[in-house]
Each structure stands twice: as structure tokens, then as C-alpha cells.
Amino acid sequence: MRNLYLATAFIVVLLISMLGLRGTKFTHPPIDVFPEWAFPGMKQQPKYKAQGTSKFFADGRADRPQPAGVVAADFGPLGEPLRTDTHLVSGKNSDGSFAQGFPASINVDLTFVQHGMERYTIYCAPCHGALGDGNGITKQYGMGATPTYHDDRLRNMPEGEILNTIIHGKANMLSYADKLTVEDRWAVIAYVRALQRAQTGTPADVPLAHKSELGLK
Ligand code: HEC
């Protein structure tokens with residue numbers, strides 16, 4: 001008897017779920033267990049969805065076109081280096097070739113390089129390794145193609161070309177433009193240069209005060 005009840009209940013639920021509500025559109029809002037009037041908050045707010053419609057605007061679109069002359073705030077006011085200095089922003093000279101060296105508005109000092117080290121350690125070291133030799137942690141997990149910075153091609157690569165790789169990525173390396181600000185990118189480049197210098201150091205590069213620690217005269 002009990003099984004019969006259960007089987008009947010099961011069939012009823014099955015039939016309702018198969019036939020009952022299929023394709024029916026509700027015209028009333030669903031029952032709200034925590035209604036807005038009793039629990040005022042921001043659960044229900046008037047909003048527009050992307051590419052939705054609006055009765056308010058004459059053209060019926062919820063998305064509003066930008067007023068003429070608007071630029072992204074990151075680019076700063078007119079005349080700022082971020083808008084005018086292609087070396088700084090894209091690493092290119094006005095003729096489209098990659099720029100050598102650091103842009104004039106970037107001041108490479110110790111704090112700047114240390115900031116680059118911090119960003120490098122977060123964003124680049126997992127693949128390129130702490131020494132820039134391509135032996136990051138990802139190598140152990142099968143990503144074998146990360147190049148070392150310590151060959152002549154990369155030592156002689158213009159800073160602008162490194163910037164270009166950071167902005168656009170290359171092959172298996174993704175773009176880091178969304179993670180690093182323009183200044184961060186140059187700080188990382190300064191640190192890449194520091195890593196390269198560190199591998200080609202000679203006893204003559206050791207500051208006088210530290211020579212004795214290394215047993216040098
Ligand atoms: C997911 C791993 C990964 C990360 C993270 C990564 N790279 Fe790379 N990078 C690669 C690989 C792989 C290549 C080789 C691309 C190729 O096939 O030429 C490469 C190439 C490069 C090159 C050489 C480009 C060339 O023209 O040969 C530079 C410079 C470089 N990366 C800098 C960076 C910097 C700076 C960061 C951090 C902002 C970074 N990479 C983060 C994987 C990575």
C-alpha cells in the first residue's frame with residue numbers, strides 16, 4: 001500500500017513537471033520570501049542591463065553614447081605624456097620602430113627598480129623564474145618554452161620591444177596590460193635589465209664597500 005502511495009505521488013509530480021508549467025510565462029513577480037518592504041535594502045533596485053532598452057531616453061537605448069571628445073581617464077588631461085609620448089605608451093618611435101632606452105618621463109632609481117621587482121615577482125617570475133632564466137614554477141608543470149633573458153637577443157632587445165611584449169603578449173605569454181599600469185610596465189623592464197646585468201657582473205661592478213665581503217680587493 002505504501003509503495004502504491006509513493007508511486008502515485010511520484011507519477012503525479014512527474015506529470016506536473018513534464019506538462020504542467022512548461023512554456024508558461026509568469027505575469028506576476030515570484031513570491032518573495034524576504035519582501036523588500038519588510039527588509040529594505042538594495043535587493044531590488046531599478047537598473048538597466050547592458051544593451052537593454054530604456055523608455056526614458058528618446059532613442060530607446062539604455063547604453064548611452066559617449067559625449068564627443070571623451071577619453072579614458074587613465075590617459076590623463078590633454079598634453080600629458082600618456083597621450084603624447086609613444087615611447088612611454090607603446091614603446092615605439094614615431095616611425096614605428098621600437099624605442100631604445102627609457103622614456104624621459106620615467107626616472108629609473110632604486111625605488112623604481114624595487115617596485116619593478118615586486119611586480120615582476122608577482123606577474124613574471126612564475127614563468128620566467130626569479131633569475132629571469134626561464135626556470136619558473138610553471139616549467140615543472142609542463143610549460144617548457146619560456147625563454148631565458150640571458151642571451152644576446154634579449155640583452156640587445158630595445159626596451160620598447162619588451163614593453164610591446166608586456167602589452168600584447170607573445171605566443172604562450174598573455175598580455176599583462178590589464179595587470180600593470182604604464183609605470184609598472186617600465187618598472188618591470190628596469191628590473192628585467194637589472195636581472196640581465198646581474199648575470200654579467202664582473203668583480204669591477206662590486207661597490208667598494210662590499211668588496212671585502214666577497215674576498216675581493
Ligand atoms: C605564463 C607564463 C609567462 C608569464 C607569466 C610571462 N611570460 Fe614572458 N614569455 C613567456 C613565453 C612562453 C615566452 C616565449 C614566447 C615565444 O614563443 O616567443 C615569453 C617571452 C617573453 C619575452 C621575449 C619576447 C621575445 O620577443 O622573444 C619577454 C621580454 C618576456 N616574455 C617578458 C615577460 C614579462 C616582463 C613578464 C611579466 C610582466 C612575463 N614575460 C610574463 C611566458 C610567460
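Q: How do you know which residues and atoms can be discussed here?
A: The model is predicted, and local features need pLDDT of at least 70, side-chain atom pairs count only at pLDDT 80 or more, while totals for chains, interfaces and linings use all residues. Residues are numbered from 1 along each chain as its sequence is written, and side-chain values use heavy atoms, with hydrogens and water left out.

Q: What makes His128 and Met173 ligands of the iron atom?
A: Donors are N, O and S atoms within 2.8 Å of the metal (3.2 Å for Na, K and Ca), and water is not among the atoms, so sites may look incomplete. His128 through NE2 and Met173 through SD coordinate the iron atom of the ligand at 2.0 to 2.1 Å. The pair links distant parts of the chain, 45 residues apart, with His128 in helix 5 (residues 125–128) and Met173 in the loop between helix 7 (159–168) and helix 8 (182–199). Helices here are DSSP runs (H or I, at least four residues), numbered from the N terminus.

Q: Why is the arrangement around the iron atom called octahedral?
A: Six donors count as octahedral if opposite donors are over 155 degrees apart and all others between 65 and 115. The six donor atoms around the iron atom of the ligand subtend angles of 87 to 178 degrees, and the arrangement is therefore octahedral.

Q: Why are His128 and Met173 put into separate accessibility classes?
A: Buried means under 20% relative accessible area, exposed over 50%, and partly exposed in between (1.4 Å probe, protein chains only). His128 has 11% relative accessibility and therefore counts as buried, whereas Met173, at 25%, counts as partly exposed.

Q: What makes helix 7 oblique to helix 8?
A: Axes are lines fitted to C-alpha atoms, for helices over the stretch in contact, and angles run from 0 to 180 degrees between N-to-C directions. The axes of helix 7 and helix 8 come within 10 Å and cross at roughly 125 degrees, which makes helix 7 oblique to helix 8, given that angles under 35 degrees count as roughly parallel, over 145 as roughly antiparallel, 65 to 115 as roughly perpendicular and the rest as oblique. Among the residues that meet are Ile162 and Ile166 in helix 7, with Trp186 and Val192 in helix 8, where contact means heavy atoms within 4.5 Å.

Q: Why is helix 4 described as roughly perpendicular to helix 8?
A: Helix 4 (residues 110–123) packs against helix 8 at an angle of about 95 degrees, with their axes 7 Å apart, which makes helix 4 roughly perpendicular to helix 8. The residues of helix 4 in this packing include Phe112, His115 and Tyr120, and those of helix 8 include Asp184, Ala187 and Tyr191.

Q: What makes helix 7 mostly covered?
A: Eight of the ten residues of helix 7 are buried, including Ile162, Leu163, Asn164 and Ile166, and the buried residues pack against helix 3 (86–90) and helix 8. Asn164 has a relative accessible area of 18% and is therefore buried; leaving aside residues up to four places away in sequence, Asn164 touches Ser90, Lys92, Phe98 and Gly169.

Q: Why does Gly169 count as buried?
A: The relative accessibility of Gly169 is 16%, and Gly169 therefore counts as buried. Gly169 follows helix 7 and has a positive phi, near 75 degrees.

Q: What makes the phi values of Gln51 and Ala171 worth a remark?
A: Most residues other than glycine have a negative phi. Gln51, however, has a phi near 65 degrees, and Ala171 has a positive phi of about 45 degrees although it is not a glycine. Gln51 lies in the loop between helix 1 (2–20) and helix 2 (81–84), while Ala171 lies in the loop between helix 7 and helix 8.

Q: How do you know whether Gln51 and Ala171 are buried or exposed?
A: Gln51 has a relative accessible area of 72% and is therefore exposed, and Ala171, at 81% relative accessibility, counts as exposed.

Definitions and conventions:
Tetrahedral: all angles 85-135°; square planar, octahedral: opposite > 155°, others 65-115°. Helix = DSSP H or I, 4+ residues; strand = E, 2+ residues; numbered from the N terminus.
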